[in-house]
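Here is a short walk through one structure. Keep the sequence and the 3D view side by side as you read.

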Amino acid sequence: MAQPSFADLFAAQYQSLVRLAGLLGADDPEDIAQEAFARLHTRRLRDDGAALSYLRATVCNLTRNRLRHLRLVRLRRPDPPEPARSSEHAVILSEEHRELLAAVDRLPRRQREALVLRYWLDLSEREIAEAMGVSPGSVKTHASRGLAALGRALKEEDA
Amino acid sequence: MNDLEEHLRSALDARARTFEASPHAWARVMERTPRRPRARWLLAALPAALLAAFVPVLLNGGLGRNTATDPDEVYRQLMRDRTPAGEQVTVDDPAEGRPLRLWFAKGGMGQPELCYITERADANPYGSCGGMLSASISRGGWFEGSTAKDGAARAMDYGVARQDVTAVGAVTKSGAKIPATLLRPEGAPFQIWTVTYAAQDPVSKVVFSKPGRADYEMPRSALTHGRLDADQQEGKAVELEGGITVAPYKTKTGRQLVWLRQGETISRTSLEPKYLFQNGPVTYSGTDDLFAGVARKDVAKLRMVVSGQSEVTVDTRPDPWNLGLRLFTISTRKSADTAYTLVAYDAAGKEIWRTEGTPRADEPNYGDKVGGTIVLPGTEDFGYGPVRFWFVRSKGEPAGQFMLCHSGGVNYDGRRGGGCGSASFNDPNSFSHSSVDSFRPEPGATVSYGTAPPDWESVDAVLRDGRRIHGGFVSAPGAPARVWYVKYPYGTDVAAHVVKVKGRQLESVYLTSHDCWEAKAPQGRGHPLTRGITAALVMDNCVRFWKGAKELPGAYEPIPGGKLSSMLAPERPLQWGQEKTDWYGFTLPGTAKVTVTLKGGGTATAETVPDPWGQGVMLFSGAVPEKAGRPGITWPGMRFTGYDAGGRVVWTYRPGPSPF
């Protein structure tokens, strides 16, 4: 069977990678996903599986770098104004999930990555390890610590 | 999987759906890849002979015999398929000590382009023209080029600014601020800015200022398509024919050759063994009509045959950095949709390798079509018109998710417009929005469009001066949703789109920019409220709150021409924000006091005062209920109540799933 073309891969995966970048906390998820595809285009990876792993890993890396950059900017400047939505939106958008997603946002970066890759993308530990650039054992640790932290956060909110 | 895991999966999925893919994403990715520069290439005064059957030698000086030495000849070549749009300006290039000519032109599809010709002290002149990125037009301006080169003590960056930009400034790596010179060529559609700086302290960004608007910053990395300044140059740059320079860099992803022209990165060639020469003795990339790359030591010549058009042969030349490689560039007038053959020869003229280059990939196939095609009325005269819409079932998404596709219209570089993006029409809080341009007939037109839920009754585009342009809806049999659209002249500064939803008193407002978020605290002009909070009207009609010098979350901005009172109605009697133990906002006239009651108990009260700006609202601030805890007052189940001066309830409000 012929390998999917770059265009096929883009059609099938672009939206998903935008969402992955968004879930990992990128402030401009489309920019991250487009850059990942541009880098893949340059690399010209032939194997579809390798290409998808490469894309996921690149999205994780670029988002990580972007968040680090934003943190540094914030250290130099006062807190930026809240960009997006009013309190009204905070209520409406995630009435059901708001509490949990707020706790996800507070997780350390690695734990957040592990949980998003496992519970949103349904990746195996090996695939998650490839995307995060860590060992499978480390994935297990990050994921279990992340889940435990979420559990604790929800109990605190209820208290 | 336990309850927490199920809940997490569901929550992540809900949040994921709020991130949408733009229909222009494929084009944007192509722009980032080496084969798609933002400029259409024309190497140094390409003579007509180069388009004929055979032209020997681009490098090693061979092309010099065929290259025009007269800048006017370069101009004639560039303008062969273009018409001028305004006068030329000539500025001094401090790096070269020679003039740089700049002017606007209209490309083959009427798209605006900026052209340049750079003269050199010791080489032939060269020039190029490139289209304007639509995304930048609405914001202020953008980078076009730079004359920076190795060994020059000074350099000049230049670019384009909208006509309503009143000042452009550059910020250098050290933080120094340099005002740019603004040039207004007679009859030109845009301004040109130039900034001259010392080479050891290069520009890191430019800032565009408009009266009453937040400044717009553009990083210089927009020109280099990446953070070239973060890479470490490892060897002196070499200048090749046509103003192309190449130098080795150490980057985060390994060593690379970076190919530049007029300050813009046109290609990168990885020198890492795992990427180099993977498909033969030549590794190359480039634009549709310019290729650059490296070859193995045994490759002496390369020949590119463009199907049915032309043939070019170039000599390779040894790299000067002792990398054991040979360098080459190949220029053709090949278009994106043309196949080609590249052949490598050794020094004896024996063919040692060849490859077939396929035409550039078309727009990807995003999935199976659902429903009929919609032909948008009023776009028959668009470039590549009329504009058509259709839905596809998204390949990469769960069942039931769609993408909205379009074809027709013209991209900034004169190519046919088209693409597919996320089609969201079930989430009451999302606003699906994209646009299509045409530059002819003049003055050109833009169509904003997106998917429309069934309860939308009207969509308008609102201009900065408050005027409205009415839109409409179109649909096709079997399509999963309608498409909304608004058509207006190209270049119109649209401030917002507003939607009237059936059964709602207030319009939904989607601002196109959020300048108010960047507003600074007005010194001594804030209106004092309780708890040390001040409110101020900024950007004409936007209210923000500060505590001391700290800005509080939330920017409350009605559409241009509207007042704060237009953001309130009985169905939505207040707007509020919260920061730690403070809450604040504004409410309907006649409200003397606002209380909030949390679902699990806990209440707080805030007194109101009339706004001092004639906006027709009452301002308030107060303490957050102690029981609010970390969730604060953005929690489901809470209730707000407004009282008049006599203590009578004038409204109650329980935030719920409304589309505001």
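In chain B, 57% of the contacts between residues at least 6 apart in sequence join residues at least 24 apart. Two residues are in contact if their C-beta atoms, placed from the backbone, lie within 7 Å. The model is predicted: local features need pLDDT of at least 70, side-chain atom pairs count only at pLDDT 80 or more, and totals for chains, interfaces and linings use all residues. Residues are numbered from 1 along each chain as its sequence is written, while chains are lettered from A and ligands numbered from 1 in the order in which they are written.

Chain B holds five helices and 51 strands. These are DSSP runs, numbered from the N terminus: helices are H or I with at least four residues, strands are E with at least two. Of the 660 residues in chain B, 45% are buried (20 or more other C-beta atoms within 10 Å of the residue's own, with C-beta atoms placed from the backbone).

One strand to look at is S8(B), residues 141-146. It is mostly covered, with six of its six residues buried. S8(B) pairs with S9(B), residues 154-161, in the antiparallel sense over five bridges. Strands pair if DSSP finds at least two bridges between them. Take B:Trp142: its bridge partner in S9(B) is B:Val160.

Now turn to where two chains meet. H1(A), residues 6-23, and H1(B), residues 3-16, have contacting residues. On the H1(A) side these are A:Arg19, A:Gly22 and A:Leu23. On the H1(B) side they are B:Leu12, B:Arg15 and B:Ala16.

Methods:
A residue is buried if 20 or more other C-beta atoms lie within 10 Å of its own, exposed if 12 or fewer, and partly exposed in between; C-beta atoms are placed from the backbone. Axes are lines fitted to C-alpha atoms, for helices over the stretch in contact, and angles run from 0 to 180 degrees between N-to-C directions.
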